[in-house]
Amino acid sequence: MRIPCPHCGARGVEEFLYTQDAGVTRPKDGGAEPTKEWTDYVYMRDNLKGPRKEYWYHSAGCHAWLVVTRDVSTHEILKVELP
Ligand SMILES: [Zn+2]
């Protein structure tokens with residue numbers, strides 16, 4: 001899999017680190033059930049097929065954080081943008 005970094009061009013996936021799902025929203029402080037909200041945020045994912053937004057870090061390149069839209073079934077990269 002190759003990821004087209006906006007700064008460096010297309011590079012092999014071994015230059016990047018996957019960090020987390022970019023489609024989840026961090027809970028706000030003071031929620032009604034903070035333990036459940038944080039547990040859901042950290043651990044619970046739907047694991048659906050199709051396009052997903054993910055945070056990737058170009059660790060062996062320009063050190064940029066990227067939001068990569070990737071089809072998790074085919075690994076096709078659909079979009080790469082800066083956060
Ligand atoms: Zn880069």
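1. The side chains of R11 and E15 come together in a salt bridge, with 3.6 Å from N to O; the term salt bridge is used here for a side-chain nitrogen of Lys or Arg within 4 Å of a carboxyl oxygen of Asp or Glu. R11 is partly exposed, with a relative accessible area of 28%, whereas E15, at 18% relative accessibility, counts as buried. For these words the cut-offs are under 20% relative accessible area for buried, over 50% for exposed, and anything in between for partly exposed, computed with a 1.4 Å probe on protein chains only.

2. A word on the basis of this note: the model is predicted, so that local features need pLDDT of at least 70 and side-chain atom pairs count only at pLDDT 80 or more, while totals for chains, interfaces and linings use all residues. Residues are numbered from 1 along each chain as its sequence is written, and side-chain values use heavy atoms, with hydrogens and water left out.

3. Which residues hold the zinc ion? Its protein donors are C5 (SG), C8 (SG), H58 (ND1) and C62 (SG), lying 2.1 to 2.5 Å from the zinc ion, where a donor is an N, O or S atom within 2.8 Å of the metal (3.2 Å for Na, K and Ca), and where sites may look incomplete because water is not among the atoms. Along the chain, these donors follow the spacing C-x2-C-x49-H-x3-C. C5 belongs to strand β1 (residues 2–5) and C62 to the loop between β4 (51–57) and β5 (65–71), so this pair links distant parts of the chain, 57 residues apart; strands (E, at least two residues) are DSSP runs, numbered from the N terminus, as are helices (H or I, at least four). C5 is buried, with a relative accessible area of 5%, while C62 is partly exposed, at 30%.

4. The angles among the four donor atoms of the zinc ion are 104 to 117°, and the site is tetrahedral, a label given to four donors if all angles lie between 85 and 135 degrees. For comparison, the ideal angle for four tetrahedral donors is 109.5 degrees.

5. Four strands form an open sheet in the order β3-β4-β5-β6, with antiparallel pairing; two strands are said to pair if DSSP finds at least two bridges between them. The edge strands, each of which pairs on one side only, are β3 (17–21) and β6 (77–81). Within the sheet, β4 and β5 run antiparallel and are joined by seven bridges, and the bridge partner of Y55 is V67 in β5.

6. How many salt bridges does a search of the whole structure find? The search finds seven, and one of them is formed by E81 and K53, whose closest N and O atoms are 3.6 Å apart. Because E81 lies in strand β6 and K53 in strand β4, this pair ties together parts that are 28 residues apart in sequence. E81 is partly exposed, with a relative accessible area of 24%, and K53 is partly exposed as well, at 39%.

7. R70 and E54 also form a salt bridge, with 2.7 Å between the closest N and O atoms. R70 lies in strand β5 and E54 in strand β4, so the pair ties together parts that are 16 residues apart in sequence. R70 is buried, with a relative accessible area of 10%, and E54 is buried, at 5%.

Methods. Four donors count as tetrahedral if all angles lie between 85 and 135 degrees; four count as square planar and six as octahedral if opposite donors are over 155 degrees apart and all others between 65 and 115; anything else is irregular.
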